[in-house]
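Q: I've got a chain open and I'd like to talk it through. Can you take my questions one at a time?

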Amino acid sequence: MALTSIGEETYSARHPLLQKNRFGDGCRSSSEEEATSKAVFRVVGMTCAACAGPVEEAIKRLQGIHKAVIDVLNNQAQVCFNPSLVNVEKICETIEDAGFDASLIRTGEDLSKVDLKIVGECVDESIKALLEALPGVQSVEFHHGTDKIISVLYKHDVTGPRNFIRVFGQTNLTATIFSVGEEGRESQRQGEIQKYYNSFIWSLVCTVPVFLTAMVFMYIPWISQLLMFKVINMLNTGEIIRCVLATPVQFFIGWRFYYGSYKALRRGSANMDVLIALGTNAAYFYSLYSVLRAATSPDFKGEDFFETSSMLITFILLGKYLEVMAKGKTSDAISKLMNLTPDTAILLSLDNEGKVTGEEEIDGRLIQKNDVIKILPGVKVASDGYVLWGESHVDESMMTGEAKLAAKRKGDTVIGGTLNANGVLHVKVTKVGSESALAQIVQLVEAAQLAKAPVQKLADRISRFFVPLVISFSLLTWLLWFFAGKLHWYSESWIPASMDSFELALQFGISVMVVACPCALGLATPTAVMVGTGVGASQGVLIKGGQALERAHMVNCIVFDKTGTLTMGKPVVVKTKLLKNMRMGEFYELVAATEVNSEHPLAKAIVNHAKNFRDDEENPAWPQAHDFLSITGNGVKAIVKGREVMVGNKNLMSQHGVNIPEDAEEMLAEAEKMAQTGILVSVDRELTGVLAVSDPLKPSARAAISILKSMNIVSIMVTGDNWGTANSIAREVGIDSVMAEAKPKQKTEKVKELQAAGHVVGMVGDGINDAPALVAADVGMAIGAGTDIAIEAADIVLMKSNLEDVITAIDLSRKTFSRICLNYVWALGYNLIGIPIAAGVLFPWTHLRLPPWFAGAAMAASSVSVVCSSLLLKNYKRPKELDNLEICEVLVERV
């Protein structure tokens with residue numbers, strides 16, 4: 001932020017350039033005047049991009065949909081829509097029509113949703129009427145099933161779940177909170193893992209005897225005789241055993257593949273379930289035909305492939321089981337964040353005078369806005385708020401990354417999830433639900449994991465035609481081998497003794513169908529993005545999605561703001577020189593009364609310094625300022641006590657005809673040499689005083705710039721401060737290119753100029769005036785201690801406000817993108833190599849073929865290997881050079 005641009009123009013959070021929200025790359029309606037709402041839905045049953053694509057397209061076809069993004073790994077859909085044209089019920093219905101179960105998780109940033117489990121006989125309409133009568137309740141919905149669940153949508157700043165539970169206390173019913181958030185999602189994931197595990201075990205129990213009777217026992221003489229015993233005509237006991245055991249595997253355990261195929265075909269697409277169903281059906285029904293022919297013919301000789309269908313289903317279930325377990329681990333970051341808040345809290349009751357009259361331990365999810373809670377030593381803070389009573393030290397490292405404890409006393413804010421160290425605190429709750437700092441971070445991480453990287457579009461395009469192409473190639477393979485056998489294009493010695501040419505061709509066709517794996521392609525990018533963003537969050541680097549993650553690895557030029565970015569952002573007045581006969585207290589009273597209206601860091605530093613000259617230092621009352629005006633890039637002016645006061649730079653004074661004497665010029669020059677900012681003060685158009693303000697460099701600034709140079713990344717400083725101070729700071733940190741006295745528009749133009757020159761530009765800033773440049777840059781990085789608007793506009797948020805995290809963000813991006821590329825090489829390479837081998841391309845020379853059951857195992861292994869490859873990112877270590885940075889204490893000398 002420019003130091004001399006006191007009171008620069010404030011860019012509204014609704015500025016078109018700044019409409020970047022939790023969806024990662026914007027959620028605007030086509031018209032700025034259109035109403036826009038956001039909703040998050042749980043979508044159950046998706047496995048890969050082939051499933052997600054049709055759902056996304058179906059939602060987008062609805063009138064009033066601005067944006068829809070599907071997260072396969074977390075089974076979620078985030079939708080941005082115009083509520084006057086479409087509602088959440090219609091969106092849910094559309095998702096269900098596409099073949100998946102859907103339920104609303106949350107909607108609207110000012111609304112919260114809670115699910116209550118009811119015990120007892122329930123009269124729907126009466127309960128609904130009681131709940132809807134409460135202030136702040138927007139809607140009540142019943143879900144009938146094994147558990148009686150009521151979903152309540154409400155305004156969390158008006159009411160809360162504790163009030164809803166009290167309503168049930170008026171009846172013969174009881175209600176408790178039913179988790180459908182991260183706990184519910186984890187419970188659902190564990191349920192899915194258990195289902196796949198149970199299916200695999202039962203399938204294995206049936207498949208092992210099928211495999212043994214077909215592949216092993218045939219070579220044990222006395223068992224072989226029992227298996228070859230003819231029961232009816234040519235039908236033997238071995239075929240009966242295999243048919244009986246393979247049937248439940250095919251139709252009961254394998255029912256999920258039939259159901260998945262039906263849903264896919266109903267929505268006009270094809271997925272992996274279709275391939276599996278076709279492949280196993282071909283093997284099973286040919287085997288069933290062989291068994292029926294053997295039972296009705298005295299001389300039929302044929303082979304069954306029951307082991308192919310049952311082993312294929314078993315291996316695929318094993319792969320799905322391992323894949324679901326591995327995918328669950330990719331979202332550990334969100335689980336860890338959610339676990340930061342305590343399960344319970346101590347609620348205090350106060351009388352009219354604010355004295356404690358009682359306390360009660362409640363579920364942490366029942367905390368409401370304006371509650372007063374008690375925080376004991378060693379206990380985590382249950383919700384955001386401010387201290388009403390008590391003193392303590394709080395470990396805020398989960399938010400700031402700083403290992404030191406923060407002192408807290410009356411009036412100080414505390415953040416939910418932070419750890420109270422040694423004292424007892426009474427805290428008044430100010431933010432709950434989606435408003436809380438922790439919830440904001442969780443939603444930011446969720447949105448980051450949802451936003452697609454551009455490279456994922458490759459997999460989305462391939463998945464649309466992959467399955468039909470594989471089915472066509474499978475049929476072509478079968479036909480070619482079948483006709484080649486009938487026309488004797490190859491020697492009969494190629495055919496195994498237990499088969500004929502038709503059966504050999506059928507096995508080749510089935511192998512092609514089941515070896516192909518679209519899921520490996522669909523998982524290549526989202527798993528890496530999810531793990532990468534999760535790792536970033538654990539390092540204090542919040543990356544808003546795959547697009548930012550992908551672009552960051554290409555950055556070769558970084559534009560730094562100065563104040564609060566390269567410097568500490570906490571300026572202090574280090575020298576004051578009066579040029580007129582005026583008392584220091586009177587002088588600072590006029591200056592502070594003017595600057596107290598500005599949000600600029602320099603203004604705050606001057607006001608804080610002015611308090612030293614007041615008796616009421618803690619909370620001084622400054623004279624009222626009239627006709628206050630902020631002049632972008634120059635300073636401020638106002639009428640205080642009937643006198644015109646101007647505080648700013650030389651440009652401001654020159655524009656208003658204020659003469660700057662030689663001694664003032666000398667002090668300005670001296671301040672610039674010492675990398676300080678000189679500020680001029682005039683009263684009634686006469687220069688009255690000069691202030692020197694120092695904003696010390698961040699301890700790691702010079703080392704961070706040096707490391708960026710070693711990474712072949714050019715560093716540029718663009719600031720609104722004067723040229724002298726800017727050049728001094730640049731020399732100190734090692735930056736060669738400087739642009740000073742830059743207004744917000746000029747910062748943006750500089751970014752665009754660098755882009756036009758062929759650079760991929762990253763912008764690092766912290767202030768409102770940096771927001772347009774953050775948006776214009778290829779990758780915007782906001783300092784976590786900066787303004788909300790800058791953080792909203794940025795693609796990456798550096799939570800710890802350390803410059804070394806710029807390096808971490810770029811290095812993590814490079815590692816993640818390399819992992820994505822490796823995943824694609826593996827997934828594409830597997831299909832490009834596996835399909836021809838399964839089709840028998842090598843068979844004429846090697847006589848080696850890929851049995852269908854082995855092809856199915858390889859297909860399952862490919863998805864698991866891609867997920868495991870992405871999980872290796874969890875071992876990410878930031879560059880070693882960052883561990884060697886020397887952090888020195890910053891001393892500011894005041895004169």
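Q: Let's start with β14 and strand β17. In which sense do they pair, and over how many bridges?
A: They pair in the antiparallel sense, over two bridges. Strand β17 covers residues 413–414. Two strands pair if DSSP finds at least two bridges between them. Helices (H or I, at least four residues) and strands (E, at least two) are DSSP runs, numbered from the N terminus.

Q: Which residue in β17 is the bridge partner of Gly385?
A: Val414.

Q: And how does strand β14 pair with strand β19?
A: In the antiparallel sense, over five bridges. Strand β14 is residues 384–389, and strand β19 is residues 425–431. In β19, Val427 is the bridge partner of Val387.

Q: Before we go on, what kind of model is this?
A: It is a predicted model: local features need pLDDT of at least 70, side-chain atom pairs count only at pLDDT 80 or more, and totals for chains, interfaces and linings use all residues. Residues are numbered from 1 along each chain as its sequence is written, and side-chain values use heavy atoms, with hydrogens and water left out.

Q: Okay, big picture. How many helices and strands does the chain have?
A: The chain has 31 helices and 32 strands. It has 895 residues, and 55% of them count as buried. Buried means under 20% relative accessible area, exposed over 50%, and partly exposed in between (1.4 Å probe, protein chains only).

Q: What share of the contacts is between residues 24 or more positions apart?
A: 72% of the contacts with a separation of 6 or more. Contact means heavy atoms within 4.5 Å.

Q: Next, sheets. What is the strand order in the open sheet of six?
A: The order is β22-β27-β26-β25-β24-β23, and the pairing is antiparallel. The edge strands are β22 (572–578) and β23 (625–631), each pairing on one side only. From one strand to the next, the twist averages 20°. Axes are lines fitted to C-alpha atoms, for helices over the stretch in contact, and angles run from 0 to 180 degrees between N-to-C directions.

Q: How many bridges join β25 to β26?
A: Four, between residues 643–648 and residues 677–683.

Q: Which strands does helix α22 touch?
A: Helix α22 (residues 662–673) touches β22, β26 and β27 as it packs on the sheet. Its direction makes about 10° with that of β27. Helix α19 (residues 584–595) lies across β22, β23, β24, β25, β26 and β27. It runs at about 110° to β24.

Q: What about the seven-strand sheet: what is its order?
A: β20-β32-β31-β30-β21-β28-β29, with mixed pairing. Its edge strands are β20 (541–543) and β29 (737–739).

Q: How do β28 and β29 run?
A: They run parallel, joined by three bridges. Ile716 has Ser737 as its bridge partner in β29. Helix α25 (residues 744–756) packs on this sheet, touching β21, β28, β29 and β30. α28 packs on it too, touching β20, β21, β30, β31 and β32.

Q: Switching to cores. Which residues touch the most other members of the largest nonpolar core?
A: Ile558, Phe560, Leu708, Ile796 and Ile810, out of 109 residues. A nonpolar core is a set of buried Ala, Val, Leu, Ile, Met, Phe, Trp, Tyr and Cys residues joined through side-chain atoms within 4.5 Å. Helix α28 (residues 804–838) gives the most, with 11 residues. A second, separate core has 33 residues, including Tyr154 and Ile373.

Q: Back to helix α28. Is Ile835 buried or exposed?
A: Ile835 is buried, with a relative accessible area of 14%. Ile835 sits in helix α28. Among the residues it touches are Val470, Phe473 and Tyr830.

Q: How far apart are Ile835 and Phe473?
A: They are 362 residues apart in sequence and 9.1 Å apart in space, C-alpha to C-alpha.

How values were computed:
Lists of a residue's contacts leave out its neighbours within four places in sequence.
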